[in-house]
Amino acid sequence: MSDIQQFLLDYDRNKREASQVAQKSATRLADGDLKLLMLIEELGEYFNSEDGAVRSKAMAYLAEVLGFVPPKVLSLQQRNLLCDFILSRTEDGEGIGSCAKALLALEERGKWDNGRVQDIMETLLANTSPLRQYKQQSERYPVLRLIDALLARYRDALRTLHDSKPDFLSRFIAYFDGEKDPRNLMVVFSILRVPMTEWDVGADAQDLFDAVFNYFPITFRPPPDDPYGITAQDLKDRLRECISSTADFAPYAFPALLDKLDSTSMNTKRDVLHTIISSVKEYGPRTVSLYSITLWDALKFEILNVQEEDLAEEALDGLAAIAQTLSQGTNGPLNAYLRPIIKECNEHLEDAPTKQSQAAARILSRIANVSPDVTNLLLAGILPTMFTLFQSADNMAKRRGLLEVLVQLIKANIDVYGDWRSTGSAGAAAPNNALSQYRDQALDIVLHGLETSPINNVSYRLVCADGLLQLSKVRELLNEDDIGKIIQLLHAIVIHEESFGKDEIKESAINSLVEIAHQKPQVVIDKAFPAFMAQLPDTDEGSKGHVAVLEAFAKLASEEKVFDTVILRLKNKFSAAVSQNASSGYIVALLSAILYALTKGSSKLEQDPNTSTYYQDIVLPLLKRTSSTDGSHPVAFDNETTLDLVGRICNIVVRSQSAEKQEEIASELYTLFRNTPQAELPPFSISAPLETHRTMIVSTHLLASFRKETRLPCEIELLVSSLANYTQQPDLSISVRSVSLRQLSLVINKFYSAAALKTCMDPLMNAPFELFSPEKLDPPRIRIIFACLKGILLRSSPVLAKLYPQLLGFLSHQKYGTVIAHGFSTLLQPDDLLTKQNHCQISGLHKQKSFALLVPNITQAFRDASTETRPNYLIALSGILRWLPFDIVIEEVPSLILLLLQSLDLKGEDFVKEAAIGTLASTLREKPEVVQEHAGSLISRLLANSVVNKESPSPARVRAAACRCLMLVPDKLKLEVVLPYRRQVCKKLTAALDDGKREVRSAAVRCRARWLDVDEAGDDD
Amino acid sequence: MDDKQNANPTILSLSDLPSRRRESNVKRRDDGATGLFDDLIPQYSYLNDPFEQPLSSSDSDDGSVEDIDEQEVYDLISSISDPEHPLSLGSLAVVNLPDIHIQPPSSPHSSISTVLVEITPTITHCSLATVIGLGVRVRLEQALPPRFRVDVRIKKGTHSTDEAVNKQLGDKERVAAALENGTLMGVLRKMLSTCE
């Protein structure tokens, strides 16, 4: 049997086998076993068949063979002959798709000359136009691909064809008429785009436009499981590119588009607006100037009468795009476009604040930052009227509405002209800024407004303050005197004005000062700093206003240009206050301010190695005052909270220094520059005097700041055992004990090598200490266990696999099982000392590791546990879960769900309940199918926890959380699951509506509203 | 809905609307501080020692009762959307805090309080005033505990037919009948969908 016979047999049965036959023929051609002539001769019989299907399949065979033939097998002459032959076959109505495929295959095997290309194009147009006569998409598609390829590779040839034959383009356009398949349309659009953008279309412009606009708007919706992956968006994008491709379309495009803008379909309007925007961007200023006012008249309605917010946004973008395009041309058309806009906006501003004045403000602010010309024209058109309106306004609300527009215009002006530190979009060589003409008037209004209007006019004064800030930022607008005036007014508000409401004005004033400090640091230092300092006495006489001033002053440190000065002034003030015996409250406030300022500038400290001045000037004196017992020791330093502040200040300065530098202090870690030997001080000496215990707070913060290479003042084993002994002392204060335990975590986390870490607990576990002995267990020892584990688990050490099982074993401990269970919540709790900034070793996966080692074992042990000890497992579980991101938990959730539900029944364990509700809520959000089957028990338990229960009252937090979680249920579970509970939920929640706490009531209202909606949502479906 | 009766209503700024956030978040201190320095020492590290405090549930529950007051009623209804505009009744000044009155139970034996809400239509001939009143009423009946009686009226002198509308809103049977009407419920649901 010949190949063609085999092919025909296989073709209908199995396309792949047919292809293999064609491939075999191709190989034989390449090897010389088969002559091309023979192949064609064999085909002849079938090409002449009466049956169209056979002819078509014969062409398919030829196309496939040509597709498989390796390059260079066919000579130029052979290819030409084949080409002629195949072209002649296009007269036959059958197999046109295969003809195109075969031609494409030939083209890939050798470039054509221009004559050949023109011949192919003309023949196609003559024999196969219009293409829609071929009913099968698969027939038309290769033809379109062929034409697309011709346009891509032989542009000149086709262009010459167009230039030499006047009727070519109209025939070409008509050829694609009536195409409906989205896959083909994608190609048609890209084909037609070539003449649109590159050819002189002349009289055919309208036909060409109609050829694509007929498809507007695209309403295609891909079938489910669409194998071709063409979305409506793809089609819309291509169509839009076509419409916007040439300015020749403008006379047809804009009227047609605006006509469709009246459509009632939001999607159509959205498409229209998108298309208008891209057309405006592409058509160029000359064309756009002809339509700009028409467009304005149409687009403004979308903004003045908002139907959908995103349509208004698009319309605004459209208006801005027109201004942008016109800015590229001469001034006349731009002026003509802006004039009606200015007129209309001015009219709307007359009755501010209304919906339409707000819309006018939106329009102005969106257009104004387009170019220097636009912003200048708008300012000249709007501001004079606005100032008149402002002066004649009879109420504050109107004035506020007007000033809001002013502020928007100034902001836009900054976008264009830049601020003091950087140029704007117009660059350095921008033309004059028209704002300078109105500078004095604008400054006068906002300055006066902020200064003289009553303090209860909050929103008005906020706008004024914003106006001042923006004015002070505009590049080269105000002189330093004017900025000085603004600064004076702002700091006067911060310092002297009496407090009102939420103090929004004060907050805005100080934030503005920070921003001005960014622009003009020296002016702020000269004008505002003395005023602040004058308010801060060296010693206070019980007055308390200084805290507010200190807060404001410390905020200025967040601007790096003034950071150093802020710190310097605060430090001097602190020294003065201490030497003048100021009150403890004042000293604490000063320390807080220093710490706050350092925190704000901590990034600067890290970059700047020159922090040693802070070390000399701040850290050393503080440490000496801490440990001293003479007159230099302020009474405030006897307070544990103060020492905590001191410790944190030292920490933040020391932690960015090098290990060598740190060692200077490391040797004084416990002695703190006093003359007592280390061995007589805590934690090494238990019997040390009371005041020495407090300094452990500062030592802990210092230790936290050390790099792990820094040498400690004693052997690490000694330190660990001393700390373990020390923390067990019964008379330690809570904070001293807490920091000592954290010191233990820090030492273990930072200073053991990975190998030593595995055995680091052995000294404590072995006799005589026997930390893990069940008989010796007591609360102090339990704390030590958790402190040590905390240091280890952050490093994900393998030794955890040995330690955790022992810990889990204690959950069934007769006496201390519950205490141990509560301890689990400390394991993964975030800690502000054990952090990366403090050079701790924190493995990225430590949470996963602990989760994997603990949680499955807890669920397992829970099943085997006795009724009395079961709550311990639930408590431990929630202690772990509450600190875990949900994506770690999600895989295990199905096995946890029953435990979580039982946690909701616990009595008195509110943290446990809260954590359980949190996890259940996350489960509902991320993996609702897990909860589905437990819907009944989930709903009833949440209900029970959302109302006040006399026997075991749960706190408001839990009640509100239960309501919020319950609100998720109807959103996340299937309607048929939820519907049966609707009555019950709505009825029971009525009680929560009368809860004593507002937080619960508001959660209950929302939850109940959601549930009331349940059956109604069902009606819609 | 295209022919709006009042296409260009006056709008209040959000920061001027009465809000509880204003006072309660900031507990006024005697030293005038704003609490900027309070977080310098994180709270959880010291306070949340689970061994030390065997879980008293008292932290936020000091037993004090926060009564339902006018502001709370305002918060419930000010976020309802106007049927004409995508704006809230609060920002259109249709509902105003001073026009909400809670009357305590008339006798010590009764537990029934009354909430009186007077609404101000944006224009005097607004035919949607009834719908707005109905929306407010439905919202309050859903959100307040049953011991409250809800009374919604048009503020005197702000509407051309206020008495007729008030009669409609006060008539229990007509309200119930209105709620059976599917189209009307659709409008109401849309109004209430923006409630917080």
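Biologist: In this predicted model, what makes β1(B) and β2(B) a strand pair?

Modeller: Pairing requires at least two bridges. Strand β1 (residues 100-103) of chain B and β2(B) are joined by four bridges and run antiparallel, so they count as a pair. Within β2(B), Leu116(B) is the residue opposite His101(B).

Biologist: How do you know that β2(B) also pairs with β3(B), and in which sense?

Modeller: The cut-off is again at least two bridges. Between β2(B) and strand β3 (residues 148-154) of chain B there are seven bridges, in the parallel sense, so this too is a pair. Glu118(B) has Arg153(B) in β3(B) as its bridge partner.

Biologist: Why is β2(B) called mostly covered?

Modeller: Buried means under 20% relative accessible area, and seven of the seven residues of β2(B), residues 113-119, are buried. Ser113(B), Val115(B), Val117(B) and Ile119(B) point one way, while Thr114(B), Leu116(B) and Glu118(B) point the other way. In a regular strand, side chains alternate between the two faces of the sheet.

Biologist: Turning to chain A, how do you know that the length of α48(A) agrees with a helix of twelve residues?

Modeller: At 1.5 Å a residue, helix α48 (residues 935-946) of chain A should span 16 Å, and its end C-alpha atoms are 16 Å apart, so the two agree.

Biologist: What makes the buried residues of α48(A) line one face?

Modeller: Seen down the helix axis, the buried residues of α48(A) fall within an arc of 165 degrees, so they line one face. Among them are Leu938(A), Ile939(A), Leu942(A) and Asn945(A).

Technical notes: Residues are numbered from 1 along each chain as its sequence is written. Chains are lettered from A and ligands numbered from 1 in the order in which they are written. This is a predicted model: local features need pLDDT of at least 70, side-chain atom pairs count only at pLDDT 80 or more; totals for chains, interfaces and linings use all residues. Side-chain values use heavy atoms; hydrogens and water are left out. Buried means under 20% relative accessible area, exposed over 50%, partly exposed in between (1.4 Å probe, protein chains only). Helices (H or I, at least four residues) and strands (E, at least two) are DSSP runs, numbered from the N terminus. The expected span of a helix is 1.5 Å times one less than its number of residues. The arc is that of the directions from the helix axis to the C-beta atoms.
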